[in-house]
Amino acid sequence: YLNSSVILVTEVLKFSLSSALLAFEIGSFRLAMQAFWIESRSNFSEMLKLAVPGLAYTIQNNLILISVDSLSAAVQQVTYQLKILAAALLSVVLLG
């Protein structure tokens, strides 16, 4: 499999599930897509703010799949779990 295709399929599935849940909440798929379109067009600056963590998440997923291909299982798992420790340390440093 290609790493990029795994990421693409994952993102398409997340968008499909989110769209289905929004359609269920609103009551119509057409109205849900209209609401999505209107919100994305009217709050473009807010959408750009969400694009930054989304892009970082996509890059992280690609790097994880590359590490799965390149490293042994034990080394990959240890380095993957180090992100929790790094996040905790950075939150302490940045948040005081």
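Student: How do you know that the span of helix 2 agrees with its 14 residues?

Tutor: The model is predicted, so local features need pLDDT of at least 70 and side-chain atom pairs count only at pLDDT 80 or more, while totals for chains, interfaces and linings use all residues. Residues are numbered from 1 along each chain as its sequence is written, and side-chain values use heavy atoms, with hydrogens and water left out. Helices are DSSP runs (H or I, at least four residues) numbered from the N terminus. The expected span is 1.5 Å times one less than the number of residues. For helix 2, residues 29–42, that should give 20 Å, and the end C-alpha atoms are 20 Å apart, so the two agree.

Student: What makes Ser28 a cap of helix 2?

Tutor: A side-chain oxygen of Ser28 lies 3.3 Å from the backbone nitrogen of Arg30, at the N-terminal end of the helix. A polar contact is a pair of N or O atoms within 3.5 Å; within protein, one must be able to donate a hydrogen and the other to accept it, and residues adjacent in sequence count only if both atoms are side-chain atoms.

Student: Why are helix 1 and helix 2 called roughly perpendicular?

Tutor: Axes are lines fitted to C-alpha atoms, for helices over the stretch in contact, and angles run from 0 to 180 degrees between N-to-C directions. Under 35 degrees counts as roughly parallel, over 145 as roughly antiparallel, 65 to 115 as roughly perpendicular and the rest as oblique. Helix 1 and helix 2 pack at about 110°, with axes 8 Å apart, and are therefore roughly perpendicular.

Student: Which residues of helix 1 and helix 2 meet there?

Tutor: Contact means heavy atoms within 4.5 Å. Phe15, Ser19, Leu22, Ala23 and Ile26 of helix 1 meet Phe29, Leu31, Ala32, Met33, Ala35 and Phe36 of helix 2.

Student: Why are helix 1 and helix 3 called oblique?

Tutor: The axes of helix 1 (residues 3–26) and helix 3 cross at roughly 140° and come within 10 Å. The pair is therefore oblique.

Student: What makes helix 3 and helix 4 roughly antiparallel?

Tutor: Helix 3 (residues 44–70) and helix 4 (residues 73–95) pack at about 155°, their axes 10 Å apart. They are therefore roughly antiparallel. Gln60, Ile64, Ser67 and Val68 of helix 3 make the contact with Gln76, Tyr80 and Lys83 of helix 4.

Methods: Helix = DSSP H or I, 4+ residues; strand = E, 2+ residues; numbered from the N terminus.
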